[in-house]
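This report covers strand pairing and salt bridges in the structure shown below.

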Amino acid sequence: MDVTEVPGGQSDSGKKWMKRTPKKKKGGHGEKRGADRKVEEEEDEKKMETSEGVFPPNFSVSEIKNKQRRHLMFMKIKQEKRKVKLQVKKKKKKEREALGDKAPPKEVPKTIENQRVYDETTVDPEDEEVAFDEGTDEFSAYFNGLTNPKVLITTSDRPRGRTVRFCEQLATVVPNAHVYYRRGLALKRVIPQCVARNFTYLMVVNEDRKMPNGLVLCHLPDGPTAHFKVSSVRLRKEIKRRGKDPTEHSPEVILNNFSTRLGHSIGRLFAALFPQDPQFIGRQAATFHNQRDFIFFRFHRYIFKNEKKVGIQELGPRFTLKLRSLQKGTFDSKFGEYEWVLKRHEMDACRRKFQL
Amino acid sequence: MGDRSRLCSVWLGSETGILKGVSVARKQAFNFCNTSHLSRDQELRVLVWGDPAESELLAGAVDGTVKTFSTEKGEFTESRTCGDPEDGCFTGLAARGSGLLTASERGPVRVWREDSTEPVLELDAGKNVCRMRLSPVHPNRVATGGKETGLRIWDLERPEEPTFTAKNLRDDWLDLRRPHWVRDLAFIPGGDKVVTCTGFHQIHVFDPASPRRRPVFEAEFGEYPLTALSLPAAGDTVVVGNTHGEVAMLDLRKGLVRGVLKGLAGGVRWLQCHPTQPLVASCGLDRFLRIHSLEDRTLLHKVYLKSRLNCLLLSSRALEDAGRDTGTGGEGPEVKEEEDEVWDTMETVWEKPKRKTGEEEEEPQKKSKTGEEEEEPQKKSKTGEEEEEPQKKSKTGEEEEEPQKKNKTGEEEEEPQKKRKKKRKA
């Protein structure tokens, strides 16, 4: 009698509020006996519960316009999901323990690296044609031991602050590197002079708003030119728990995960920056780790504490590179022929497909 | 070797000196190279058909040799030295009857007769020649063009002077001389006109018949040098590719871009349109052969070939059917013959009551199974019998899984049914 049912059609989420309004009205009367009230409340609750199940099938939480009600509904749904998940987990754990040794092996979680689309250009180590191609390409002089690397590091015109310090630190990392100030010279004119002075590499760090953001790496006699985007540069003083400055010893080079043909070319490009025979006395290692087309550069000093344990200290700058283009021939952005160009809309469309 | 080379419908020359043949229908690529030792000197620069019947290929290498490859035999039959390596690599090659026409980068255009080491005729086409082509209509007309040397059309009977020398474009708005660099050219069929693409992202059409020596038509595409050009079978369009891997179809009447073919990541080295079908094949520095359809600009085929590709050649026969003709055509009647044989050799099975030891009944079952298993892979290549395949597969699947558990009378009933069905179709 006292219960005035709010029509269920309009407010789908108003369950809690629907309960309150009749209670208020009941409270207003105050003459009813407690038992009756409880019975009616229970009836109300039952009715609410049944009307809870009657939602239109395509209902989603985002259709509720009231922020508080929407939040509450969402929280409820989340809690229910979490409950169900915990139950499933418990069940699985029980089953696993019950089976004991016969339990199936734990499932490997899916990661983007796991789900990587197989690239047909992945290099097979026994492929003769690729081996011949690599054996006679522009790096063959270096890999056959005929030349020693000599690197020229410079920047775009009028560098400031961080870029200058970055170049200096790079010069300590790469052996036989010289930093020169770019006096507004055109690269196409710098290159023949470098070749005449027996340089094998030209590194140009591009600067934007006092931060390094690009790197052009040009292998000199007539080698490929790679253009990278540089991000996440950490100079020495920003690295926590770092070791002392690197020494003059040539570091060991670690190249991780360069599996495709393009990856191989880039890996060789990095490898040719450092001298072929590393000095193990120095215990320094430079790592170029490729993951998801980003190349992470780290420079460490290691020490073997015993046969199984190694301690490492990070020295030196740390930065991330992403390849934007690989051009055949020395730097000539207008008329050069590109071996690979990053075309974002075509290549970055699939999250599981990587180029390097 | 010979049968592999007969299957190939696309031929490519690579920087490592390997001649590659690709059979598009079968999606296979084959390497044809002289010996197991390769060298960069043998880098193939130009590929041309040796004769109109397309049974021989002429390949020009960097060290000045021209090799003849026979598609029937699948091997290189001869090799001749036609020029010094100092003249630069070959930029044009053509077969004229029994002789050869070659052009190198820095050297003259030479006409060679068969079995002679000295050129019969020499034309000085300028200092830097990027491309030389022979007119398909007039066998004596040759067009050359290069860096800072404009388009010149020569008549081989009068080698002293070109019949047509193109004039450079007018000076620009600052009165500076416009640089020009012809990278690729082609004769437009059905006339004398020549279309060229330049290193300054322009496309020109020249008409030697008109008194104008400047280009009759000009269009621009992109910001990078255009390196390759091809004319599709249907006229009025031209397909160009540039160093960034952008391949576009342009209209030759208005100069508008009709569409861009996507997919290439590296510079385009050679483009060729199929003579009859609306297809274009492209190869380049990213080590892939791609075949696009010109109508809807979709990528039809993509083949990874491990070296950088320099040049390509399409055979005139239709690409898709190349594999099919030799494959299923022969298989069709063969399959039917084998079917009849199989059914004839099998014992006829009558409906018998259930017996525990049904060895005689098991034998025809096994025979039918093996017969069907043999037929399945052959039948898969046929089209039009798709209805039978799922039925058959399900039946054979069931039989394989439960050979002995299944109701024997049931199986016996199925076989005569199958027999009846097959006989209807056969």
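## Strand pairing in chain B

Strands β1 (residues 10-14) and β2 (residues 19-23) of chain B run antiparallel and are joined by four bridges. Within this pair, B:Leu12 stands opposite B:Lys20 of β2(B). The model is a predicted one.

Both strands belong to an open sheet of four strands in chain B, ordered β3-β2-β1-β28, with antiparallel pairing. The edges are formed by β3 (28-32) and β28 (309-314) of chain B, each of which pairs on one side only. From one strand to the next, the twist averages 25°. Strands of a sheet pair through backbone hydrogen bonds, in either a parallel or an antiparallel manner.

## Salt bridges in chain A

Over all chains, the search of the whole structure finds 31 salt bridges. One of them pairs A:Glu113 with A:Arg292, with the closest N and O atoms 2.9 Å apart. A:Glu113 is partly exposed, at a relative accessible area of 32%. A:Arg292 is also partly exposed, with 39% relative accessibility.

A:Arg318 and A:Glu314 form a salt bridge in which the closest N and O atoms are 2.9 Å apart. How accessible are its two partners, A:Arg318 and A:Glu314? A:Arg318 has a relative accessible area of 26% and is partly exposed. A:Glu314 has a relative accessible area of 12%, so this residue falls under the 20% limit and counts as buried.

## A salt bridge between loops of chain B

In chain B, the side chains of B:Asp236 and B:Arg253 meet in a salt bridge, at 3.4 Å from N to O. This pair links distant parts of the chain, 17 residues apart: B:Asp236 is in the loop between β20 (226-230) and β21 (237-242), and B:Arg253 is in the loop between β22 (247-251) and β23 (257-261). B:Asp236 is partly exposed, with a relative accessible area of 37%. B:Arg253 has 56% relative accessibility, so this residue passes the 50% limit and counts as exposed.

Salt bridges that share partners join residues of chains A and B into one network. Its members in chain A are A:Asp133, A:Glu134, A:Arg261, A:Lys328, A:Glu337 and A:Glu339. From chain B, the network takes in B:Glu15, B:Arg40, B:Arg269, B:Arg287 and B:Arg308.

Conventions
Residues are numbered from 1 along each chain as its sequence is written. Chains are lettered from A and ligands numbered from 1 in the order in which they are written. This is a predicted model: local features need pLDDT of at least 70, side-chain atom pairs count only at pLDDT 80 or more; totals for chains, interfaces and linings use all residues. Side-chain values use heavy atoms; hydrogens and water are left out. A salt bridge is a side-chain nitrogen of Lys or Arg within 4 Å of a carboxyl oxygen of Asp or Glu. Buried means under 20% relative accessible area, exposed over 50%, partly exposed in between (1.4 Å probe, protein chains only). Helices (H or I, at least four residues) and strands (E, at least two) are DSSP runs, numbered from the N terminus. Two strands pair if DSSP finds at least two bridges between them. Axes are lines fitted to C-alpha atoms, for helices over the stretch in contact, and angles run from 0 to 180 degrees between N-to-C directions.
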